[in-house]
Amino acid sequence: MDSRDLPPSGHSQEPPEGAFDSGFRDQLDLLMRMRRDVRRFRKDPVDEAVLARCLKAIQQAPSVGLSEPWRILRIDSDAARDAALRNFEQANAAALEGYSGDQATRYAGLKLSGMREAPVQLAVFCDDETNQGHGLGAATMPEMRRYSVVCAVTLFWLSLRAEGLGLGWVSVLDPDQLARDLAVPADWQLIGYFCIGWPQELADSPELERLGWESRCAALPIETR
Ligand SMILES: Cc1cc2nc3c(=O)[nH]c(=O)nc-3n(C[C@H](O)[C@H](O)[C@H](O)COP(=O)(O)O)c2cc1C
């Protein structure tokens with residue numbers, strides 16, 4: 001092919017129909033690179049209008065069969081927050097017992113939740129038995145409903161980050177105990193407990209990487225069949 005046959009390169013090229021322009025794509029890339037799991041929050045409150053805007057992202061999420069199986073509990077009362085924090089502390093102590101030597105020391109030094117400080121806390125569940133979507137796609141793989149909730153959380157996470165807010169995902173929990181403490185319906189499965197607020201610091205790399213616990217893979221392995 002002669003180089004004269006190639007489309008013109010660079011930013012002057014019109015994006016294909018339906019595509020966003022390169023400035024937007026750069027911003028989106030930056031947003032994704034600067035999304036972090038946050039465990040260290042300032043105590044300043046979060047404006048309710050901003051939170052509501054971010055929560056709307058959940059309604060844009062894909063879901064199997066359009067089942068929208070996400071169920072959200074806002075954890076505001078002292079009693080509910082205390083129960084969740086106690087749950088985390090017990091689960092974290094039990095997890096520590098699974099490590100030994102240097103790794104135990106490193107694990108003990110990690111901060112794995114911002115539950116003491118985060119001004120907004122949500123417990124997000126999947127309704128495993130919802131009739132919405134009439135079972136489409138979930139009959140063969142019921143776990144797809146839970147994956148749908150994870151998709152929704154990801155959009156929420158990015159939306160929060162775009163407002164300068166941080167989210168921390170807490171999974172070091174006994175889900176059955178939490179379900180009992182929060183009196184949730186039996187069909188709801190815990191997807192995660194989320195701490196939300198203003199981050200103490202911004203970072204472009206995972207905290208677990210900065211603390212030497214684990215590092216990200218340099219490449220994305222893709223196999224071909
Ligand atoms: C499903 C899931 C569960 C997680 N659970 C926890 C947790 O219990 N405590 C914690 O500190 N971080 C938790 N994280 C955050 C991860 O540690 C974090 O995403 C990872 O270290 C990469 O860092 P980054 O999100 O800042 O890129 C969880 C993340 C996901 C996706």
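## Basis of the model

Residues are numbered from 1 along each chain as its sequence is written. In this predicted model, local features need pLDDT of at least 70, side-chain atom pairs count only at pLDDT 80 or more, and totals for chains, interfaces and linings use all residues, while side-chain values use heavy atoms, without hydrogens and water.

## Helix 3

Helices (H or I, at least four residues) and strands (E, at least two) are DSSP runs, numbered from the N terminus.

## Nonpolar cores

A nonpolar core is a set of buried Ala, Val, Leu, Ile, Met, Phe, Trp, Tyr and Cys residues joined through side-chain atoms within 4.5 Å. In the largest, of 24 residues, Met115, Leu182 and Tyr193 touch the most other members. Helix 3, strand 2, helix 6 and strand 4 each give two or more residues to this core.

Apart from it lies another core of 22 residues, including Ile58 and Trp157.

## Helices 1 and 5

Helix 1 (residues 22–34) and helix 5 (residues 143–162) pack at about 105°, with axes 10 Å apart. These helices are therefore roughly perpendicular (65 to 115 degrees) to each other. Leu31, Met32 and Met34 of helix 1 meet Leu158, Arg161 and Ala162 of helix 5, with contact meaning heavy atoms within 4.5 Å.

Terms used
Buried means under 20% relative accessible area, exposed over 50%, partly exposed in between (1.4 Å probe, protein chains only). Axes are lines fitted to C-alpha atoms, for helices over the stretch in contact, and angles run from 0 to 180 degrees between N-to-C directions. Angles under 35 degrees count as roughly parallel, over 145 as roughly antiparallel, 65 to 115 as roughly perpendicular and the rest as oblique.
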